[in-house]
Amino acid sequence: MFDFVRLADNAFYGMAIILFLTGFWIMLSHANLIKKIIGMNIMESAIFLFFVAIGYIKGGSAPILGREGVTYINPLPSALILTGIVVSVSVTAFALALVVKLYQHYGTVNVDEITQIRRGEA
Amino acid sequence: MSEHVAPLIVVLPLATAYSILLFCPKYWRYAQRASLICTGLLVVLTCILAMQVNVRGSVIYHFGNWSPPWGIEFLIDRISAFFLVMVSAISFVVILFANGLLYKEIKERVLGQYYALFLILLASLLGIASSNDLFNVFVFLEISSVSAAALVAVNGNKLALEASVKYLVLSTLGSGSLLLAIANIYMVTGYLNLTFIAEALPQAYALYPLNVLATLGLFVVGLTVKSALYPMHIWLPDAHGSAPTSSSAVLSALVVKVYIIVFLKLIFRVFTLEFVSQVPLQFVLLLMSALAILLGSLLAIRQTDIKKMLAYSTVAQIGYIFMGVGLLTYNGLLGAVLHILNHAIMKAMLFLSAGLLIKLTGKRDIRSLAGVGRIYPLPMIAFSLGSLAMVGIPPLNGFISKWYLSLGALEAGLPIYVLVILVSSFLNGLYYLPIVISAFFGQSTEPTYKPLPIPIGASIALICLCIATIFFGLFSGIPTQYLDPALENWFQL
Amino acid sequence: MRDLIIRVISRFMIPFIQVYGAYIVLYGHLSPGGGFAGGTVIASSIILYILAYGLLSEEKRIPEHFTRVVESAGALFYVFVGLLGVLLGTRFLGNSVAGFPLGIPGRLSSGGTIFLLTFAIGMKVASTMITLFSHLIDEEREEG
């Protein structure tokens, strides 16, 4: 018998895998650079979800002093993922800036069209 | 005071970079001097650090006095110290070179920012090599990818922008799998400090074998994407071929290597040899690196753009390094680590001299370089020396690493890889030597003209690298003896 | 974009957003939040202002060199606080071990250098976000 309770307990991980694959697929299959960057972001969010889920305890709260008798969740993954989000934001911003520049040069954000234009020039 | 050298090597370039941005983004001549002084100081500091490691063993530094596993720890062993000295010395030479030439290649408006970016990249490289905390390593890795992509795109021309986007997207894939690996390893061991992970891993493997194996796989994928091992190399030729000269030199010589240093730390210090030889990692690494060596060289032969050719040659040389790692023998690993140094010297020299020649003659095509050697002897001599070292002519440094790699292949009982090295040396000769021969003995199609002056900084930089090529060929015992205790420890000889 | 309702409401909201951002930065060591979260909130108020009122002429905007100075100064301040630990005889980023008073837990003055560090991060993040946004907007305007 398939263990549904166990699956439900680990729903975060399942969701992370689905999101990761979605993002990965968008990144690989779309020729539009903006969509590629969106896919990149979805993929990273999946990893962040995975990381945060490690430290999560059902019904736990943030570890702040002065609230005795409560289960604390592990704050370290959350703190690390905050850093991860910062990194992801800066990568996204930089990639978008590059895409804007590319658009100025080629008049399109589609990778296939850019390749065609380049071939035509060469 | 001497104990604070370890954090200082990361803090100093960062502080210099932000001081440049704060005080003199418009006055790039000050930025130039500041970065030259900063990298010079870094050479001194890393040498002090390497000496400390030699005398007292690994240098350990706890940030904010928080001992691990709570605090972030810097652990500099012999391999890291070796790499730190190499990074700071090569970047010093590249900055020296750039001071004479860079303002002709890059818009003056962004020159100050360029130096700042360069120093941030340098700080991240030094941080990766010295940090002992996995997440800290990840953050430094991301800083290095973003700043490296920015160093490619800094010119703002079409090709460089496209290459930079490609680089950024693929390296994000790599960092994604790295972060997943870090999440996995934190899940099963509960630590992020490499030393603690290494202790907890055997127990974790007994409990969750699949997670540990997945972690290893994700680490391999992430780090090979970032260091451009063969099937994942597609971003490298464009990025390294279209970047400004000094960026290409640093990217090819240092940035792709730092991921290999992380890989070495993970494989030999965390997973340990015993564990790695149980999984089919050796087969995968050797297959990928043999393909990288052969196909990288073959693709390089087809190129007509000199920088593109050098970039494809980097793909092949990364193959050598990974092959040395994949052999899992003492001599193979020694060859790989030596090749990290030797290739850094050779490739920096080749890229710098090629960039100088492109700037002086205005041509990027290999075929148009006929007769250049007689007009501009110094850059062409440097290029030839680099080419000969790449092929592996005995007194030069390229020979030494190939020698140890071959010894390692024999030691591992896989003589087929000696054949791979021989064939690829032949292929190297096939694309490097015609350039050298035609540059010195070929007839130039154009009438002779008065040569332009070569900037003094560029000449000094090239001469330094030439001397280093010969020096490490003749006195290869110096790095070998320095690295020996660390490698012996890993192989438990 | 020149909608009256958006302009009036954002004019009313922006001060609150900024105070909230400042609160998150300053109380980073006591409650969830900190330099990055707070800095982003402060920056979002400026972004909201630009979005609601359209791009302003050069002299009415936050000058680029101001954000750049704040950004670099924030980073340098962080390094300086870190080096204070070394100067006071312990390690880089040393806090209570370097002799910084820890104060009473729960008060604003507690936590030693963490307060200063989150403040530096808040400075850096807020100015970086504004720079990023205005650069992207400028690129768009140049070609459009």
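**Stop 1: where chains A and B meet.** Select chains A and B: 24 residues of chain A are in contact with 22 residues of chain B. Two residues are in contact if their C-beta atoms, placed from the backbone, lie within 7 Å. On the chain A side, the elements that give two or more residues are helix H3 (33-55) and helix H4 (75-106) of chain A. H4(A) gives the most, with 13 residues. Now colour that side of chain A by class: 17 residues are nonpolar, four polar and three charged. Here Ala, Val, Leu, Ile, Met, Phe, Trp, Tyr, Cys and Pro count as nonpolar, Asp, Glu, Lys and Arg as charged, and the others, Gly among them, as polar.

A note on what you are viewing: this is a predicted model, in which local features need pLDDT of at least 70, side-chain atom pairs count only at pLDDT 80 or more, and totals for chains, interfaces and linings use all residues. Residues are numbered from 1 along each chain as its sequence is written, while chains are lettered from A and ligands numbered from 1 in the order in which they are written.

**Stop 2: chain A by itself.** Hide everything but chain A, which has five helices and zero strands. Helices (H or I, at least four residues) and strands (E, at least two) are DSSP runs, numbered from the N terminus. The radius of gyration of chain A is 20 Å, well over the 14 Å that the globule rule gives for 122 residues, so chain A is more spread out than a compact globule. That radius is taken over C-alpha atoms, and the rule is 2.2 Å times the number of residues to the power 0.38. Along its principal axes, the C-alpha trace of chain A spans about 70 × 45 × 15 Å. Buried residues make up 27% of its 122 residues. A residue is buried if 20 or more other C-beta atoms lie within 10 Å of its own, exposed if 12 or fewer, and partly exposed in between, with C-beta atoms placed from the backbone.

**Stop 3: chain B.** Switch to chain B, with its 19 helices and two strands. Its radius of gyration is 22 Å, close to the 23 Å that the globule rule gives for 493 residues, so chain B is as compact as a globular protein of that length. Of those 493 residues, 62% count as buried.

Stop 4: Select residues 111-130, helix H4 of chain B. Here 19 of the 20 residues are buried, so H4(B) is largely enclosed by the rest of the structure.

Next, select helix H7 (residues 194-207) of chain B. Where does H7(B) kink? Look at Leu201(B), shortly before the proline Pro202(B), for a kink of about 45°. The bend at a residue is the angle between axes fitted to the seven residues ending there and the seven starting there. Leu201(B) is also one of the buried residues of H7(B), along with Leu194(B) and Ile197(B). Their cover includes helix H5 (134-153), helix H6 (158-189), helix H8 (209-226) and helix H10 (245-276) of chain B.

**Stop 5: one leucine.** Click on Leu286(B), in helix H11 (residues 281-302) of chain B. Leu286(B) is buried, with 22 other C-beta atoms within 10 Å. Leaving aside neighbours within four places in sequence, Leu286(B) is in contact with Met323(B), Gly326(B) and Tyr417(B).

**Last stop: chains B and C.** Bring in chain C, whose contact with chain B takes 17 residues from chain C and 14 residues from chain B.

Key. The expected span of a helix is 1.5 Å times one less than its number of residues.
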